[in-house]
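Biologist: Could you walk me through how to read some features of a model like this one? I would like to begin with charged pairs.

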Amino acid sequence: MRARASAPGKVILLGEHFVVKGKRALAIAISLRSVVDVEYAGSGGIVIESRGLNARATIDPGNLEASDSRFSIFSAVLKALRDMGYSIVPHRAKIHGDLPIGAGLGSSAATSAAYALAYTAMHGDPLAREDLNKASYMAEVVAHGRPSGIDNTVSVYGGFIIYRRGEGWRRLEGLSLPKGYYLMIVDTGIERPTREAVMRVLRRAERAGQAASLIYEAADSLVDLAVNALASGDMRLLGEVMDLNQGLLYAMGVSLGEIEEILFRARSLGALGAKITGAGLGGSVIVLASEDSLDRLASGFRGHRHWIASPSSEGARLEDY
Ligand code: PMV
């Protein structure tokens with residue numbers, strides 16, 4: 001008995017931070033995926049092997065605790081599955097795929113969604129999307145404390161997702177980047193302090209009063225502009241919208257000299273637009289680029305980890321094994 005499943009990572013195209021105070025964010029599932037193989041292990045225990053972490057851990061079948069805290073998302077998934085009525089049997093899971101860990105691309109949500117799907121498929125009873133989203137959310141709570149739920153939703157359903165706190169999410173059907181356009185993701189190499197970034201923005205918003213309200217309104221209306229740009233294939237406009245959103249994030253205090261330097265370089269190498277994705281103060285940036293500037297950008301960012309991605313309409317799915 002064995003099964004393989006995969007799930008995509010995400011980028012926030014627009015609206016990070018502004019989403020914390022009720023504005024909309026637009027997130028996209030990307031073509032980089034976490035892949036999980038699960039195999040029944042007879043009388044053995046539960047062993048999880050992660051290629052990205054270059055480590056393995058065991059999970060105690062009694063209390064479902066992991067021997068290594070970096071593997072706590074797997075315990076959280078198993079606890080959620082047990083609560084949904086699945087029996088937890090000895091198995092070995094291998095995590096691989098091309099989605100990097102720790103780059104702000106939602107690897108914990110993608111991995112937990114793929115793990116939950118592969119494990120339940122091994123039982124012959126693969127979870128439907130709604131329950132898969134619940135199981136992956138439980139793992140996000142363990143990984144991130146108070147997650148908005150956007151990462152697991154994008155990983156499970158794929159595509160373009162608009163999220164608003166309190167209202168939840170809505171999938172936008174039929175959107176994509178036109179042929180020949182890509183998102184390049186560049187890791188600043190600086191670990192992003194999400195909590196500190198969120199606090200900084202909230203404090204500034206408090207002090208700036210009405211001026212901050214206008215900035216938040218502006219950020220929210222950029223989501224409409226971006227959806228129009230995507231629907232009409234106007235990539236020049238989409239790039240401008242990304243730059244505008246970056247200006248607002250800069251205004252709220254979550255950029256850095258190093259980030260601005262990367263964004264400036266990207267634009268001078270032909271990018272149509274470039275911005276922070278996620279919390280800022282480090283982490284990754286996203287760059288909208290056409291095919292003809294990709295080589296130039298790739299050599300311009302030789303010193304940084306970087307990836308080329310496309311939007312993916314495919315959420316979590318079973319794979320041949
Ligand atoms: O860097 P990430 O992918 O963890 O994103 C953080 C997004 C914020 O809007 C800054 C915070 C949040 O909870 O929405």
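Biologist: Which side chain does K134 meet in a salt bridge?

Modeller: A salt bridge is a side-chain nitrogen of Lys or Arg within 4 Å of a carboxyl oxygen of Asp or Glu. Here K134 pairs with D131, at 3.5 Å from N to O. The two are separated by about one helical turn because they sit 3 residues apart in helix α3. Helices (H or I, at least four residues) are DSSP runs, numbered from the N terminus. Please keep in mind that this is a predicted model, where local features need pLDDT of at least 70 and side-chain atom pairs pLDDT 80 or more, while totals for chains, interfaces and linings use all residues. Residues are numbered from 1 along each chain as its sequence is written, and side-chain values use heavy atoms, leaving out hydrogens and water.

Biologist: How is K134 classed by its relative accessible area?

Modeller: Buried means under 20% relative accessible area, exposed over 50%, and partly exposed in between (1.4 Å probe, protein chains only). With 45%, K134 is partly exposed, and D131 is partly exposed at 30%.

Biologist: Which parts does the pair of R267 and D243 tie together?

Modeller: Their side chains form a salt bridge of 2.9 Å, N to O. R267 belongs to helix α7 (residues 257–268) and D243 to helix α6 (residues 235–251), so the bridge ties together parts 24 residues apart in sequence. The structure holds 19 salt bridges.

Biologist: Which residues form a nonpolar patch on the surface?

Modeller: Patches are made of residues with over 30% relative accessible area and no salt bridge; like charges are joined within 9 Å, and nonpolar side chains (Val, Leu, Ile, Met, Phe, Trp, Tyr) within 5 Å. In this case the members are Y137, M138 and V141, with about 230 Å² of accessible area together. That area comes from the Shrake-Rupley method with a 1.4 Å probe, and for residues only the protein chains shown count as cover. Y137 is placed in helix α3 (residues 129–144).

Biologist: Which residues surround the ligand?

Modeller: A residue is near a molecule if one of its heavy atoms lies within 4 Å of it. Those around the ligand include K10, H17 and R192. A polar side-chain atom of R192 lies 2.7 Å from a ligand oxygen atom, and one of K10 lies 3.0 Å from a ligand oxygen atom. For H17, a backbone N or O atom is 2.9 Å from an oxygen atom of the ligand. The protein covers 85% of the 380 Å² of accessible area that the ligand has on its own.

Methods. Polar contact = N/O pair within 3.5 Å; in protein donor to acceptor, adjacent residues only side chain to side chain.
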